2 protein chains.
Amino acid sequence: MESLFFPDGDIESETVDPGKVTRKVRARGGKLMLVEVSFASGGVGAEHEHPHDQATYCLAGEFRFAIGAETRTLLPGDSVFIPGGRRHGTLCVSEGRLLDTFSPQREDFLKK
Amino acid sequence: MESLFFPDGDIESETVDPGKVTRKVRARGGKLMLVEVSFASGGVGAEHEHPHDQATYCLAGEFRFAIGAETRTLLPGDSVFIPGGRRHGTLCVSEGRLLDTFSPQREDFLKK
């Protein structure tokens, strides 16, 4: 059986956008997946959509975050909910990290 | 329509265990709910179980975290997955915060 503990030291960081955005797929199982995304200032999460529900928590830094037509600033402790199928994207204003949570899991994030 | 943005300043802190444990229900919608739990040193999340899948991310501090028969230390950046129905609990070793994520939502956490 796979462990239910996901120590930070066991998680590989993947480059999403060289020099700008990296990602760690953290705890996952059942209907849940946690993914931490680290952004340098000016890093972008281009607008996109997916059928999975998503909730995002700002761990550090400052972001401009767009959901549909609404854009707001996220600071640590702020969070958002993005219904499946809703367009969203972000611009990192000041170096930081977001914790993205998905239901169901983003199977497309797992290595084949 | 309810906003999809959940600024920290809009979230009420609820006492779970006076002087020891408080909770903020953060972004939620669809099949997801984020709940941040703050512990003083020695604060306890008593062992319990629920049908919801849960993933927990350690934001700050140090915890002893039990899932079934396995107990490990959680430090910031560590995370765990708890399948629905699995017993789990925690002891805060050094003041800190956990971000609990649930699927589906913990309707029992919402005020009536």
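Two residues are taken to be in contact if their C-beta atoms, placed from the backbone, lie within 7 Å. On this criterion, 100% of the interface residues of chain B are also interface residues in chain A, so the copies meet through the same surface. The structure is a predicted model, in which local features need pLDDT of at least 70 and side-chain atom pairs count only at pLDDT 80 or more, whereas totals for chains, interfaces and linings use all residues. Residues are numbered from 1 along each chain as its sequence is written, while chains are lettered from A and ligands numbered from 1 in the order in which they are written.

Confidence is expressed as pLDDT, the predictor's confidence in each residue, from 0 to 100. Chain A has a mean pLDDT of 96, with 98% of its residues at 70 or more. For the complex, the predictor gives an ipTM of 0.96 and a pTM of 0.97.

The relation between the copies was examined by superposing them by least squares on the C-alpha atoms of residues with pLDDT of at least 70 in both. Chain B is superposed on chain A by a rotation of 180° with 0.0 Å of shift along the axis, at an RMSD of 0.0 Å. That is the relation of a two-fold axis.

The contact between the chains draws 29 residues from chain B and 29 residues from chain A. Strands are named here as DSSP runs (E, at least two residues; helices are H or I, at least four), numbered from the N terminus. At least two residues of the side of chain B that touches chain A come from each of β1 (5–6), β3 (21–29), β4 (32–39), β6 (53–67), β8 (79–82) and β9 (88–103) of chain B. By class, this side of chain B comprises 15 nonpolar, 7 polar and 7 charged residues. In that division Ala, Val, Leu, Ile, Met, Phe, Trp, Tyr, Cys and Pro count as nonpolar, Asp, Glu, Lys and Arg as charged, and the others, Gly among them, as polar.

Strand pairing, which requires that DSSP find at least two bridges between two strands, crosses the interface. Strand β1 (residues 5–6) of chain A is paired with β8(B) in the antiparallel sense over 2 bridges, and Phe6(A) has Ser79(B) as its bridge partner. An antiparallel pairing over 2 bridges likewise links β8(A) and β1(B), where Ser79(A) is opposite Phe6(B). Within chain A, β8(A) also runs antiparallel to strand β6 (residues 53–67), to which 4 bridges join it; here Gln54(A) faces Ile82(A).

A nonpolar core is a set of buried Ala, Val, Leu, Ile, Met, Phe, Trp, Tyr and Cys residues joined through C-beta atoms within 7 Å. The largest such core holds 48 residues, and those with the most contacts inside it are Leu34, Val80 and Phe81 of chain A and Leu34, Val80 and Phe81 of chain B.

Lys31(B), in the loop between β3 and β4 of chain B, counts as buried because it has 21 C-beta neighbours inside 10 Å. Apart from neighbours within four places in sequence, Lys31(B) contacts Lys31(A), Asp53(A), Ser103(A), Ser103(B) and Pro104(B). Pro104(B) lies in the segment after β9 of chain B and is joined to Ser103(B) by a cis peptide bond with omega about -5°. In chain A, the peptide bond from Ser103(A) to Pro104(A) is also cis, with omega near -5°.

Ala60(B), in strand β6 of chain B, is partly exposed, with 15 other C-beta atoms within 10 Å. Its contacts, leaving aside neighbours within four places in sequence, are Pro76(B), Gly96(B) and Arg97(B).

Conventions: Buried ≥ 20, exposed ≤ 12 C-beta atoms within 10 Å, placed from the backbone.
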